[in-house]
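I opened my notebook to look up a few things in this model.

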Amino acid sequence: MAVEPIRWNGDSLELLDQRLLPEETAYVKCRSAAEVARAIKDMVVRGAPAIGCAAAFGVVLSKGSAEGYELLSKSRPTAVNLFWALDRMKKAKDLKAEAEAIFAEDLAGNRAMGKLGAELIPRNARVMTHCNAGALATAGYGTALGVLRAAHEQGKNISVVVNETRPYLQGARLTAWEMVQEHIPATLITDNMAGHLISRGEVDVIVVGADRIAANGDVANKIGTYSLAVLAKRHGIPFYVAAPLSTFDLQIPDGSHIPIEERPESEVTGYRGNRWAPQGVKVRNPAFDVTPAELVTGLITEKGTVLAPNAEKLKALIRR
């Protein structure tokens with residue numbers, strides 16, 4: 001089954017409403033930059049590459065207006081692909097052609113990334129992943145899940161351990177759904193079970209995506225990723241990050257400069273109208289954390305894999 005998170009119709013943008021999955025498959029139609037910005041902010045569409053693609057088409061709908069750029073730039077703060085896409089659109093002479101190119105390049109890059117990353121996945125590997133870095137987070141195919149898809153397509157007989165990923169349950173709702181669609185064996189666990197399984201030798205490798213990667217290789221990804229990297233280091237298993245070059249932000253020296261989005265309290269106190277936390281309790285809801293480059297075994301990109309990443313290696317990769 002081909003997952004289509006983004007559909008461009010020439011005069012409108014259709015976004016698969018990821019808030020409703022897996023119970024319902026429905027699309028939100030956007031006819032203006034304001035509607036696209038709202039869809040990004042409300043997480044109708046999510047995942048750094050998908051946000052970039054959606055924003056590019058939002059610029060087309062606004063006919064390149066300053067107001068459109070302003071609305072879109074304020075929709076999410078952490079995913080650098082958003083700002084990368086907007087900057088690219090500002091330089092374009094043909095907005096529609098440029099947005100379509102961004103979409104096509106992301107899809108092709110995901111497939112290239114998947115093929116390169118699959119080389120690092122052993123046969124019969126039990127692979128843990130966190131959040132959703134699949135087709136739903138991109139133009140299609142996926143980054144971290146693209147690696148797993150490619151390994152599966154190569155007949156490597158992998159199985160996947162899916163962390164539910166608090167607070168928005170993107171692993172339980174989205175990654176698990178994608179694995180079922182692809183007929184890839186998968187087991188869903190809660191986030192706080194990860195250490196237990198890893199300590200018992202039930203995980204061979206961890207592969208995650210990223211929303212922003214600093215010049216030194218520090219990685220911002222869904223909250224909980226840093227904990228997995230620490231666990232991987234403690235137990236001697238590889239920890240890979242799969243992301244396109246559009247996710248790299250060489251303008252910031254390290255992860256301490258990455259803005260961390262704080263999401264609404266309601267994503268922690270309950271789910272879809274069902275509140276389980278008491279009224280009056282204080283809530284913190286950072287959506288991302290930063291994993292230091294020293295904990296990353298390798299960065300998988302469409303241009304190749306950088307092992308033990310650092311600033312010098314990343315500069316060489318970008319120049320390649």
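I started with helix 2, which has 14 residues and reaches 20 Å from its first C-alpha to its last. That is close to the 20 Å expected at 1.5 Å a residue, where the expected span is 1.5 Å times one less than the number of residues. Helices here are DSSP runs (H or I, at least four residues) and strands are runs of E (at least two), numbered from the N terminus.

I noted that this is a predicted model, in which local features need pLDDT of at least 70 and side-chain atom pairs count only at pLDDT 80 or more, while totals for chains, interfaces and linings use all residues. Residues are numbered from 1 along each chain as its sequence is written, and side-chain values use heavy atoms, with hydrogens and water left out.

Next I asked: is helix 2 enclosed or open? I found 14 of its 14 residues buried, so helix 2 is largely enclosed by the rest of the structure. Buried means under 20% relative accessible area, exposed over 50%, and partly exposed in between (1.4 Å probe, protein chains only).

Then I looked up the largest nonpolar core and counted 35 residues. Such a core is a set of buried Ala, Val, Leu, Ile, Met, Phe, Trp, Tyr and Cys residues joined through side-chain atoms within 4.5 Å. Helix 2 gives the largest share of this core, 11 residues. Leu13 is among the residues with the most contacts inside the core.

Last, I visited aspartate 17, in the loop between strand 2 and strand 3 (27–30). Aspartate 17 counts as buried, at 5% relative accessibility. Its side chain makes a polar contact (N or O atoms within 3.5 Å; within protein, one must be able to donate a hydrogen and the other to accept it, and residues adjacent in sequence count only if both atoms are side-chain atoms) with the side chain of arginine 19, at 2.9 Å.
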